Amino acid sequence: MIQDKNHLANQTSPYLLQHADNPVDWYPWCNEALERAMEEDKPILLSIGYSACHWCHVMAHESFEDDATAELMNALFVNIKIDREERPDIDKIYQTAQYLITQRTGGWPLTMFLTPQDQVPFFGGTYFPKEARHGLPAFKDLLQHISNAYHTQRAQIMTQNQSILNALQKIHEPDYSKQDLSPELFGICDQKLRQALDMQNGGFGAAPKFPHPTYIDRLLRYQAQPKPDQQESSDSLHGALYTLEKMAAGGIFDHLGGGFCRYSVDAGWMIPHFEKMLYDNGPLLALYAQSFALTGSGQFQDVCEATAQWVMREMQSPEGGYYSSLDADSEGIEGKYYVWDRKQVEQALDPEEYAIFAPHFGFDRQANFEDSYHLHIFVKKEEVCQQVSVSPENFDILLQQAKHKLLLLRQQRVRPGRDEKILSSWNALMIRGMIIAGRILGRPEYMQSAQRALDFLYQTMWVNQRLIATYKDGKAHLDAYLDDYAFLLDAVLEGLQARWRTRDLNWAREIADVLLEQFEDVSLGGFYFTSKDHEQLIQRSKTLGDEAMPSGNGVAAMALTRLGYLLGETRYLDAAERVLQFAGQAIHHSPTGHASLVNAFEERCCPPQIIILRGQYTELEKWQQQCVQGYAPRQLVFAIEADKKNLPDALAEKKFREPSPEGVVAYICEGMQCRAPIEHLAELQNAISGICVQQ
């Protein structure tokens, strides 16, 4: 039976709203749908995707908008549609189950068939075509086969379901035996990352190629450690910086508008999958800023500025929060918004501009994206200058003029769809990136943008001392997950370094307390992905490895360690230690897959250097700038005005001493040990240049 309207019209997710007019009788994940499936004894067809997903759109156009397919779906199943960005808890479970059933990695769209009594999957896959091809069955044929199997093979399915449940339980509750970590782990992780590097194109592995920010971050942090083998350190630094250079030159970076696409379909970063995600761009912005601090590279600075400008121009809502993503498609065609016709570019630019633009971006050779051109740097600036006899200064001027013209021209096109929901976890990643970029590049507008987003989360998403996961159109809903709390705690600590507000310190403590009270496994250690009072699902996962985003357990352990040392609060330090003890076996088995936890272990071995500056407002900024020169991943600097009150004991005792010769007093602490106060700026650089030796 074809439905006039399904049950998605009142949802906040743009992805669900894209399907509100389908002839499929879609439900969101809700008790009404689950109860109906049991009452009618129909299996559940669970479809998971997200608004910027190209293949989700393809399956929707082929099958979910097709009346004949919808009629079968409505007759044989109860159909549930989920936005994986709003419900990562459900997505994690069924992606894992899909792998257990098929022994293939998952992805989106995810298509799972569940028994109604217990919501356990008995068959699944990702994209299924309307007609049989590429070894995949026609979706309509599959629907009939699955329905028939459910009604005729019930006993076999229930036996398989029990096996799936047992396997899901064992994945996140393994036989626990403590395995201590040692500092040798850092060299092992670094070696494995260097072995995985693509030394020709940068990055890790073959196509499709993802940025893997946690890998790059780990290589950068390793070279900042004291080590006997300086060659390894140099190789790590080269691998990280070379990867960043190749991505910045590649088509995965938007050379006109700023920001990175999610991944490249080729090994050379030339042609991306064109969707832009907030969660990639936050960590990448931080990495490029930190690498600029390390190298002074103009290329890295340009990437930071273009990306931050894109975030403020296109991704920040009037209310302050950051939107989630931009679609890969426009006018139903992937990449149409971004690619160019050669004649169009020639006509838009002056001859002098085109003379440098064409060789630089490959318009003097064959098209690189079907019959069109996608911007990718083929010839470096220095070579172009020699070829066309132009000075580097004039090259920069001409290139900026050309980019500006083409950006204005591109903005007249039909834009890709924008997913305007605001996610706490993704916002936290971008807040951190914008603050780090603003601090290193000396761009207060970036930090102000981040502060607006942070204030939005506090005012709108922090309700009754608990965090809300998602917001759109005036509605904040869904219980927040581990990643929301962990990433936000990390972001608040970065925000305190940009601008001290005692309210934010108190907020950080409240966030940390919820982590311990609601998410921690007090018996074995580590944090569950969902809270104690979360909706009960078929699995309460406890994920340790990094995925597209860093591990919530890794970020939580790092942030709790830093907060614990800042406040002198051993509860937070002990919780972070329990994470590392629980994760010891997993980290030893795959250190590169747990890079965020390796970082957290690094700060247990070598506690962060925390610098507290107390003094007059007019002098604090100068002292703070002295502290944040160069790349110092284990350094935190908090500038607190002399008259700030209601500070916790560990900070209140670090007082402004009158009369101070230069209006500021600096306190430098590593772990629980603090040095004598410093009252002269000239002494400060020598004092902060010492490197922690691992214990």
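**Close-up views of a predicted model**

View 1. Lys-276 has Leu-326, in β9, as its bridge partner. This is a predicted model: local features need pLDDT of at least 70, side-chain atom pairs count only at pLDDT 80 or more, and totals for chains, interfaces and linings use all residues. Residues are numbered from 1 along each chain as its sequence is written, and side-chain values use heavy atoms, with hydrogens and water left out. β8 and β9 (residues 325–326) pair in the antiparallel sense over two bridges. Strands count as paired if DSSP finds at least two bridges between them; helices (H or I, at least four residues) and strands (E, at least two) are DSSP runs, numbered from the N terminus. The open sheet runs in the order β8-β9-β12, with antiparallel pairing. Its edge strands are β8 (276–277) and β12 (418–419), each pairing on one side only.

**View 2. Asp-490 in helix α19.** Asp-490 is found in α19 (residues 482–498). It counts as buried because its relative accessibility is 13%; buried means under 20% relative accessible area, with a 1.4 Å probe and protein chains only. Its side chain makes a polar contact with the side chain of Arg-432 (3.4 Å). A polar contact is a pair of N or O atoms within 3.5 Å; within protein, one must be able to donate a hydrogen and the other to accept it, and residues adjacent in sequence count only if both atoms are side-chain atoms. Leaving out residues up to four places away in sequence, Asp-490 touches Arg-432, Val-555 and Ala-559 (heavy atoms within 4.5 Å).

**View 3. The largest cavity.** The structure holds five cavities of 30 Å³ or more. On a 1 Å grid over the protein atoms alone, a cavity is a set of points where a 1.4 Å probe fits but cannot get out; lining residues have an atom within 4 Å of a point. The largest has a volume of about 690 Å³. Among its 36 lining residues, Asp-217, Arg-221, Gln-290, Arg-432 and Ile-436 are the closest to its centre.

**View 4. The second largest pocket.** A pocket is an open set of points with protein on both sides within 12 Å along at least five of seven lines. This one has a volume of about 1200 Å³. Of its 38 lining residues, Gln-299, Asp-302, His-360, Ile-377 and Lys-403 lie nearest its centre. Helix α12 gives the most to the lining, with eight residues.

Key:
Grid points are joined across faces, edges and corners, and a volume is the space filled by probe spheres set on the points. Buried means under 20% relative accessible area, exposed over 50%, partly exposed in between (1.4 Å probe, protein chains only).
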